[in-house]
Amino acid sequence: MRLLNAPHTMMFATGYLYGADTVLDVMEEGKLADYVQRSFNELLPTVNTTESVKRDFVEDIKERFLNPFNKHYLTDIGMNALFKYHSRILPSLLSFYDRDGRLPETMVFSLAAIIAFYRPDHQKEGRWFGKRGDETYSILENQDVLNMLTSLWGKIESKTLSLEELVEAVLKSKQIWGRDLTAVSELHEEVTYQLHNIREKGMKEALTNLLNKETTV
């Protein structure tokens, strides 16, 4: 699950807000493909098996991602993304942190991207929609979580809540995580920093800045 499903969840919001529509689009765009590779690089040390088995499995997954006959839409992957992040990515993030004493940057960035994706633009017939440029997309999430997110983003728009407070509320949600994630050192600050970059600079520049940082795994 960590190597097959986690990259899907990590790529969906980043890729979609960057301008991609499918997994294949992500894999064929240079910076997004680099981002996916960094995702694998962070995930690999958290999987307990031999290096050769892990590397071979990753190559098989990338071949699957590059299959031109598999129209795997990012917005489909994005259904209930926070709960998928909880089950597919959070264990690896915590394992990476325990092992290295620092946060895995790509996993953190992907969480900020999901929160950005969940920013609502309007509601129609009881459903919430976000916007990517001139396009609209459905926001599909557990109703209670969706209510929380739309309320938080509404307070951002009315300037009664800061971005830091929005991220804090999301990380503190035991309904999503089963625990208070603000207890993870620097996670609140780093998610807020990346969410600010995505909002202020746009996904392309924010991702470029992430990729330009020197990282060691």
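This is a predicted model: local features need pLDDT of at least 70, side-chain atom pairs count only at pLDDT 80 or more; totals for chains, interfaces and linings use all residues.
A polar contact here is a pair of N or O atoms within 3.5 Å, and within protein one of the two must be able to donate a hydrogen and the other to accept it. Thr208 sits in helix 13, which spans residues 203–212, and a polar atom of the Thr208 side chain lies 2.8 Å from the backbone oxygen of Lys204. Thr208 has a relative accessible area of 18%; the cut-off for buried is under 20%, so Thr208 counts as buried.

Now for the strands. Strand 1 (residues 122–124) runs antiparallel to strand 2 (residues 127–132), and three bridges join them. To get your bearings, look for His122, which stands opposite Phe129 in strand 2. The two strands make a hairpin with two residues between them, and Glu125 there takes a positive phi near 50°. Strand 2 also pairs with strand 3 (residues 135–138), again in the antiparallel sense, over four bridges. Here Gly130 faces Tyr137 in strand 3. This hairpin has two residues between its strands as well, and Gly133 in the turn shows a positive phi of about 65°.

Finally, head back to the helices. Helix 1 (residues 6–18) packs with helix 3 (residues 30–43) at an angle of about 155°, their axes 10 Å apart. Angles over 145 degrees count as roughly antiparallel, so that is how helix 1 and helix 3 are arranged. The crossing of helix 1 with helix 3 is right-handed.

How values were computed: Residues are numbered from 1 along each chain as its sequence is written. Side-chain values use heavy atoms; hydrogens and water are left out. Two strands pair if DSSP finds at least two bridges between them. Buried means under 20% relative accessible area, exposed over 50%, partly exposed in between (1.4 Å probe, protein chains only). Axes are lines fitted to C-alpha atoms, for helices over the stretch in contact, and angles run from 0 to 180 degrees between N-to-C directions. Angles under 35 degrees count as roughly parallel, over 145 as roughly antiparallel, 65 to 115 as roughly perpendicular and the rest as oblique. A crossing is left-handed if the near helix is turned anticlockwise from the far one by less than a right angle, and right-handed if clockwise.
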